[in-house]
Amino acid sequence: MELLIEKAPKRGKVNVILSIVLLVLISRALMLFTGYIGMNLFSKSSQVPVYMQNVPGTLSKWTVKLPGELASTEKLRLEDFIKFDTYSYLKIATQGYDKFRMDEPHTAANWVFFPLFPLLIFLLGKIFWFEPAIVGMIVSNLCLLGALIYIYFIALQRGLSERQAGTVLLLIVIYPSSLYYTLPYTESLFLLLSAASIYYAGSKKYALAFIAASLSTVTRVPGFINLAFVMGTVFMDEGFKWTWRYLKWSLYSILSLIPMGIYLLHMKIVTGDFLAPFHEQSLHWFRYTTIPFVNYIGYLKKPYFSTPDGWDNGFIAFTVSTAVFVVFLSYLFVHMKKLVMNKHELLFFVYGLLLIVIPFSSQPLFLVSVVRYMMVSIPLYFYLVTLTEKWRNARIFYMMLFMILQVFVTLGFFNGYYFVI
């Protein structure tokens, strides 16, 4: 991290870090407050609400029974943060991967969850004697903090002002599913490694960029996009004419495949299938490689509010998806000349776009999880700030949209609704 801010004045870098720490603390505290209020004002997905009869003469004969005394309200517990994929990450961290063969009859296996995040929980758990879930949340929040620091300096690296850089960070923490940056999930770690890859590639510190991108490949499936971005940056910086320096970059590229190679080799030993994490996706996790945006087009043809199983609120997913598409399409239209003339800008655009396309290429029927998957596309936030610099009402619209939907997602998460995944 010192390499990141070594050129900043000492007082300036301290102020930047303190401001980002404060932003993280305030944003997380407000989401926890929203969750606490929601748990006590609204019904849970798996419980029948309790009603009480009002006194005669009131407007309604029956109303939902709410806590009376403050002491009787339901408080946030550790169990309230452990939902959905968290179970799998914690199981891997404490027990390892499921140990049976791919060709044996089996239920959904945890092989689809990449190893770096649970490995960090395991290692830190040996140092700090906390519950694995607490360790996971500590890792996630520290990664979020580190990611925001990197992204702030990427913004300055790309010519944005300090005010614009701050707006980028604000958009990240108010994005509708940013709650997952605090949970035992991989989003914060992936965001950190992505930001480090971009920053170090832009600073021509290629070794560090390759390391960060390499680790991202064993964090989430789209990690290979980070690796491709770093490789593309090297080619554009060094030129396409052969020099002996390319031997070093080639070596870095080969070494960057080692983490994924180790993971797949372990899968071969455990399951008998070298590509078990990818085969298992379609076998038991309902993820299939499809033509991009088939699920989005399917929504346009047959709109739905919620799927029968409750795993997708189509209206929210469609709204956020459309808002994100508008940003990328608008940037392409407004800055077409810049993208054509500047190869680095084109690479950055394609990089961000691919992180948007991938979530729409893994599920042919519904928009499950696309809101969460898209939030790690760092260019999205830069483009939104750039486009709305003169269109302030558009920026206000996006901020209000993000904050309102974030409230819904937070309420849904703590009350156990599946659509928030």
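**Close-up views of spaces and a buried helix**

**View 1. The largest cavity and its lining.** Helix H17 (370–374) and helix H14 (314–334) each supply at least two lining residues. The model is predicted, and local features need pLDDT of at least 70, side-chain atom pairs count only at pLDDT 80 or more, while totals for chains, interfaces and linings use all residues. Residues are numbered from 1 along each chain as its sequence is written, and side-chain values use heavy atoms, with hydrogens and water left out.

**View 2. The largest pocket.** About 1400 Å³ of space lies in the largest pocket, a pocket being an open set with protein on both sides within 12 Å along at least five of seven lines. Of its 46 lining residues, Gln281, Trp285, Arg287, Ser362 and Tyr373 are the closest to the centre. Helix H12 gives the most to this lining, with four residues.

**View 3. The second largest pocket.** The second largest pocket holds about 370 Å³ of space, and Tyr97, Pro115, Leu119, Tyr263 and His266 lie nearest its centre among the 15 residues that line it.

**View 4. Helix H8.** The buried residues (under 20% relative accessible area, 1.4 Å probe, protein chains only) of helix H8 (residues 206–216) include Tyr206, Phe210 and Ser214.

Terms used. Buried < 20%, exposed > 50% of the residue type's maximum accessible area, 1.4 Å probe, protein only. 1 Å grid on protein atoms, 1.4 Å probe; cavity = no way out; pocket = protein on both sides within 12 Å on 5 of 7 lines; lining within 4 Å. Points joined across faces, edges and corners; volume = space filled by probe spheres on them.
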